[in-house]
Amino acid sequence: MRLGTNKFEKKRTDEPGMLKADGPSPLKENLDTVLNEPLVCLNGTWLRESEARIPVENRGMMYGDGLFETMLSVNGQVILLDLHLKRLTKGLDYLGIDLQISSEEWGRLFKVGIKKNGHLGVKLILRLQCWRNGGRGYASTSSKGAWFLSYHPMPDQLDPSSSLRLMKSSFHLPVKAAEMSTLKSSNALLYVLAATEALQKGYDDALLCSANGYVGESSSANIFWINKQTVYTPSINCGILAGTRRDALLTALHNQSFFSIQEGLYHIESLYEADLVFSTSTIKGIQPIHNIGANQLVTDQTLLEMIRNIYQLTIS
C-alpha cells in the first residue's frame, strides 16, 4: 500500500501569483476539502479517500473475482445489519475467500467508521468491497483476500417517495444456481448495461426478465406487486439477487394476516393487472412503479401506505 504525497503542504508564497488578495485562498479551499473528505478503511488501515491505493493487478477489477455489500446507516446504526452480514458470509464462503474477520468484528468496524465520518451527516451509505488476492489468470488457488470499506453521505436528490418509470430491458437475466442468489458479485456488467439503456431512453430504471420472459428485478431493486390482497414477487429461480429488503419484507409479510404471499414465475402481464407495483432497495426503500414502458400502472395509495408501514416496522 502506498500513500499519496501531502498535497495540502504549504507552498512558498514568494512566487508570483501564488496568493491573490481579491480571491479565495487555494490553501483554504484545500483545507475545506480535507475536512469534508470521507475516511475509508483499506485492509484495516484508516485513510482519507484520496489517499487509498489499490494494486493495479487486482482480481476484483480484472475478473470480478469478489463481491460487495451496500448498506445504509441512520443515526449511527446500520439498517438490517444481520441480513447484510449473513449475505456477506454466504457470498465469501461460496467464493472460497477467507478474510479472517468475524461478523462481530465487521459490525464493530462499521460503527467505528460511522463515528469517524460523522461530519458527512446522519445518513450514510456504506460500501464494503471484497476480492481475492492473486495475480493474472482465471484459475486461482488462493483463499486469501483484501477489502475496502467506504462511507458517503446520502445524496440530497434521492426521493424515496417518488414513483418510478421503468422500461423492459433488452437484456435478460442469466440462468444461475440458487446459491448465487445471495452473491452480490463484483461483476455487475448486466446491471450497468441495463441501467444505462434505461437512462438513455429517458426512464428511471430497467426491468430485467429471464430469457423465458419471466419478471425478474430492476437493475438495482427487487420487484413486488399486489392483486386482491396477495403479494407477488419473482422466485430466486428467475436469476434475481435476493435483496436484504426483499428478505426482510417477506419475513414481515409472513408474520401478518391481511396479505397472502406468492413467490413464483410470472409474465409481465401480471404487473399490468395489479393494484400496486413497487420495488425494494437498500438506499431507496419502498418505491411505487408508475409505468413500464407505455403501460401506466395502477397505484392503490391505501395498499402502498400499508406496505410502507409494514416495511418501516421491519427496519426500525
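A salt bridge is taken here as a side-chain nitrogen of Lys or Arg within 4 Å of a carboxyl oxygen of Asp or Glu. The structure is a predicted model, in which local features need pLDDT of at least 70 and side-chain atom pairs count only at pLDDT 80 or more, whereas totals for chains, interfaces and linings use all residues. Residues are numbered from 1 along each chain as its sequence is written, and side-chain values use heavy atoms, with hydrogens and water left out.

By this criterion, seven salt bridges are found in a search of the whole structure. In one of them, Asp 65 is joined to Arg 59, with 2.9 Å between the closest N and O atoms. Asp 65 also meets Arg 132 in a salt bridge, at 2.7 Å from N to O. Because Arg 132 lies in strand β5 and Asp 65 in the loop between α2 (59-63) and β3, this pair ties together parts that are 67 residues apart in sequence. Helices (H or I, at least four residues) and strands (E, at least two) are DSSP runs, numbered from the N terminus. With buried meaning under 20% relative accessible area, exposed over 50%, and partly exposed in between (1.4 Å probe, protein chains only), Asp 65 is buried at 11%, Arg 59 is buried at 2%, and Arg 132 is buried at 10%.

A further salt bridge joins Glu 263 to Arg 246, the closest N and O atoms being 2.8 Å apart. This pair links distant parts of the chain, since Glu 263 is in strand β12 (residues 260-264) and Arg 246 is in helix α6, 17 residues apart. Salt bridges that share partners join Arg 59, Asp 65 and Arg 132 into one network. Helix α6 (residues 244-254), which contains Arg 246, is mostly covered, with eight of its eleven residues buried; among them are Ala 248, Leu 249, Leu 250, Ala 252 and Leu 253.

The chain as a whole has eight helices and 15 strands, and 42% of its 316 residues count as buried. With a contact defined as heavy atoms within 4.5 Å, residues 24 or more positions apart account for 70% of the contacts in the chain with a separation of 6 or more.

Six strands form an open sheet in the order β2-β1-β6-β5-β3-β4, with antiparallel pairing; two strands are considered to pair if DSSP finds at least two bridges between them. The edge strands of this sheet are β2 (45-48) and β4 (77-78), each of which pairs on one side only. Strand β3 (residues 66-74) is joined to strand β5 (residues 123-132) by nine bridges in the antiparallel sense, and Glu 69 stands opposite Leu 128 in β5. Nine bridges likewise join β5 to β6, again antiparallel, with Arg 127 opposite Ser 150 in β6. Strand β1 (residues 39-42) and strand β6 (residues 145-153) pair in the antiparallel sense over two bridges, and the bridge partner of Leu 42 in β6 is Phe 148.

With a disulfide defined as a pair of cysteine sulfur atoms within 2.5 Å, the structure holds zero disulfides. Cys 209 is thus in no disulfide, and the nearest cysteine sulfur, that of Cys 238, is 8.9 Å away. Cys 209 is buried at 2% relative accessibility, and Cys 41 is buried at 0%.

The accessible surface was computed by the Shrake-Rupley method with a 1.4 Å probe, and for residues only the protein chains shown count as cover. The chain exposes about 17000 Å², of which carbon and sulfur atoms supply 52%. Patches are made of residues with over 30% relative accessible area and no salt bridge, like charges being joined within 9 Å and nonpolar side chains (Val, Leu, Ile, Met, Phe, Trp, Tyr) within 5 Å. A nonpolar patch of about 260 Å² is made by Leu 189, Val 192 and Leu 193; Val 192 is placed in helix α5 (residues 189-200) and is partly exposed at 46% relative accessibility.

Tyr 272, in helix α7 (residues 269-272), is partly exposed, with a relative accessible area of 31%. Its neighbours within four places in sequence left aside, Tyr 272 is in contact with Ile 292, Asn 295 and Leu 297. Tyr 272 and Gln 296, which are 24 residues apart in sequence, are 7.8 Å apart in space from C-alpha to C-alpha.
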